[in-house]
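Me: I have a structure open and want to go through it with you. Can we take it piece by piece?

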There are 2 protein chains.
Amino acid sequence: MPKPPPFHIVFALFPDVTHLDFTGPHQILSRLPGARVVIASQAGGEIEAEGLVFSRVARLADIEHCDLLCVPGGFGVTQAMADEAYLKALRRLAAGARYVTSVCTGSLLLGAAGLLQGRKAACHWAWRDQLALFGATPDPARVVRDGNVFTGGGVTAGIDFALTVVAEIAGAETAQAVQLAVEYAPDPPFHAGRPETAPPAVLERVQAIYDRGMDERWAAARRAGEALRVQ
Amino acid sequence: MPKPPPFHIVFALFPDVTHLDFTGPHQILSRLPGARVVIASQAGGEIEAEGLVFSRVARLADIEHCDLLCVPGGFGVTQAMADEAYLKALRRLAAGARYVTSVCTGSLLLGAAGLLQGRKAACHWAWRDQLALFGATPDPARVVRDGNVFTGGGVTAGIDFALTVVAEIAGAETAQAVQLAVEYAPDPPFHAGRPETAPPAVLERVQAIYDRGMDERWAAARRAGEALRVQ
């Protein structure tokens, strides 16, 4: 069997990323034929993510090119939206990539980088409306495709997203093989995974936690949206 | 609101662990009220897991006690089954824990440590039969509970497992809140997540990959099972 050509994947991280946003897709996309996967950030070195520390993180500036760019989300998105050097790195890598992708609130960073104008995109349900600030159309689907832009919904949607991307790049049979290998036959103990299906008390409780950082996030998203229009 | 008492969780890692086996549960169990989560290994320091490097890993010997022990799986299980010091650490921590748990082939390590005798347990489908070598009853369910032992099936089953554990410890509403926060309303693009539902060609392809290390794994599991009977 001929060796598959290398397929370069970059996860563009930032401090206080939600680790499952990229570890889920990483586990799956790493199994793409020829996959060369790099996790990178502005500073490189180490990234702390909700109690886990990832080391040997590359510097975004040191990466010349990738075939697939994936931007995860997390509470650190508020700060990352204001980091012009980070957004510039996203723009540069996206320009040469075959696929531009995100998971969870990572789509807000694609948006802030100006990469979602006129596109529909997914996002974590609690922050989805903010996509409109970047000229994108918020889409409640778990995985959204618009041209070469694939976006996933909140956190665990990254697994469905990654299998969809594997199917696109390497075909359905390869995606099914990966699904079988990671035994992805989900069976949640409750049906509370969406605001529409969660009990009202549960939704209220989660919303109350998010409300603490919500004004700041909206303000950051508005500033990032305005900066886009000035460019 | 009174501060919840600390609840100590230890993920007992080993080289060549499958990272999603513990990052999924980590993301979810970290949200338990009072959660103090530590990732640990025999050597401590760094653990490499399928291309990701986790640093600031504690040494198992330095951990006196935990409330919940969780053992993930991965290709490194074959070597870890033969690591008597690692298995001893599992036995010591399990003896003081309220909950003894595993994800994927981590149940083979619980088994090799003698912690599953007379218990039913889950495991990744491809290696599930090996549980019998340790006096355990293989159970095809995605999440299996037997007393204070909770085990999850392959890789992604760790998410269903972790939500089940959160419900047990903190109640259904807390588990539902975490499910909503991580937007766990799974929607796989295919139905290939189990050997029973995967197309035969897909099953054959994945089995062929596993076959490469299968004899070695069976041999290691047999030796570990025999060592148990000698003790």
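Me: How many residue pairs are in polar contact between chain A and chain B?
Reply: This is a predicted model, and in it the count between chain A and chain B is 45 residue pairs in polar contact, both residues at pLDDT 80 or more.

Me: Which elements of chain A supply at least two residues each to the side that touches chain B?
Reply: H1, strand E3 (45–49), strand E4 (52–59), helix H5 (157–170), helix H6 (172–181) and helix H7 (200–230) of chain A.

Me: And which one gives the most?
Reply: H6(A), with nine residues.

Me: How do the residues on that side of chain A divide into nonpolar, polar and charged?
Reply: There are 32 nonpolar, 18 polar and 13 charged residues on the side of chain A that touches chain B.

Me: What about the area, how much do chain A and chain B bury between them?
Reply: About 5600 Å², with 59% of it on carbon and sulfur atoms. A:Leu180, A:Glu183 and A:Phe190 supply 15% of the area that chain A buries against chain B, which is more than any other three residues. In terms of contacts, 63 residues of chain A touch 63 residues of chain B.

Me: How many salt bridges does the rule find across the interface?
Reply: Six between chain A and chain B. A:Glu46 forms a salt bridge with B:Arg56, and the closest N and O atoms are 2.5 Å apart.

Me: Strands next. How do E4(A) and strand E4 of chain B run, parallel or antiparallel?
Reply: They run antiparallel, and three bridges join E4(A) to E4(B), residues 52–59 of chain B.

Me: Let's do the H1 helices. Where does A:Gln27 lie?
Reply: In helix H1 of chain A, residues 19–29.

Me: Is that A:Gln27 buried or exposed?
Reply: A:Gln27 has a relative accessible area of 1%, which is under the 20% cut-off, so it counts as buried.

Me: Which side chains does the side chain of A:Gln27 make polar contacts with?
Reply: There is a polar contact with the side chain of B:His19 at 3.3 Å, and another with the side chain of B:Glu50 at 2.9 Å. Leaving aside neighbours within four places in sequence, A:Gln27 is in contact with A:Val182, B:Thr18, B:His19, B:Leu20 and B:Glu50.

Me: On the chain B side, how many of the 11 residues of helix H1 are buried?
Reply: 11 of the 11 residues of H1 of chain B (residues 19–29) are buried, so that helix is largely enclosed by the rest of the structure. Among them are B:His19 and B:Leu20.

Me: Salt bridges again. How many over all chains?
Reply: The count comes to 18. In one of the chain A pairs, the side chains of A:Arg119 and A:Asp146 meet at 3.8 Å, N to O.

Me: Why does that pair tie together parts that are apart in sequence?
Reply: A:Arg119 lies in the loop between helix H4 (106–112) and strand E7 (120–121) of chain A, and A:Asp146 lies in strand E9 (residues 143–146) of chain A, so the parts joined are 27 residues apart in sequence. A:Arg119 is partly exposed, at 23% relative accessible area.

Me: What does B:Glu84 form a salt bridge with?
Reply: With B:Arg91, the closest N and O atoms being 2.4 Å apart. B:Glu84 counts as partly exposed at 39% relative accessibility, and B:Arg91 as partly exposed at 22%.

Me: And B:Arg194, which residue is its salt bridge partner?
Reply: B:Glu196, with the closest N and O atoms 4.0 Å apart. B:Arg194 is partly exposed, with a relative accessible area of 21%, whereas B:Glu196 is exposed, at 57%.

How values were computed: Residues numbered from 1 in each chain as written. Chains lettered and ligands numbered in written order. Predicted model: local features only at pLDDT ≥ 70, side-chain atom pairs only at ≥ 80, totals over all residues. Heavy atoms only, no water. Buried < 20%, exposed > 50% of the residue type's maximum accessible area, 1.4 Å probe, protein only. Helix = DSSP H or I, 4+ residues; strand = E, 2+ residues; numbered from the N terminus. Polar contact = N/O pair within 3.5 Å; in protein donor to acceptor, adjacent residues only side chain to side chain. Contact = heavy atoms within 4.5 Å. Buried area = accessible area lost by both parts, 1.4 Å probe. Nonpolar A, V, L, I, M, F, W, Y, C, P; charged D, E, K, R; others polar. Pairing = 2+ DSSP bridges.
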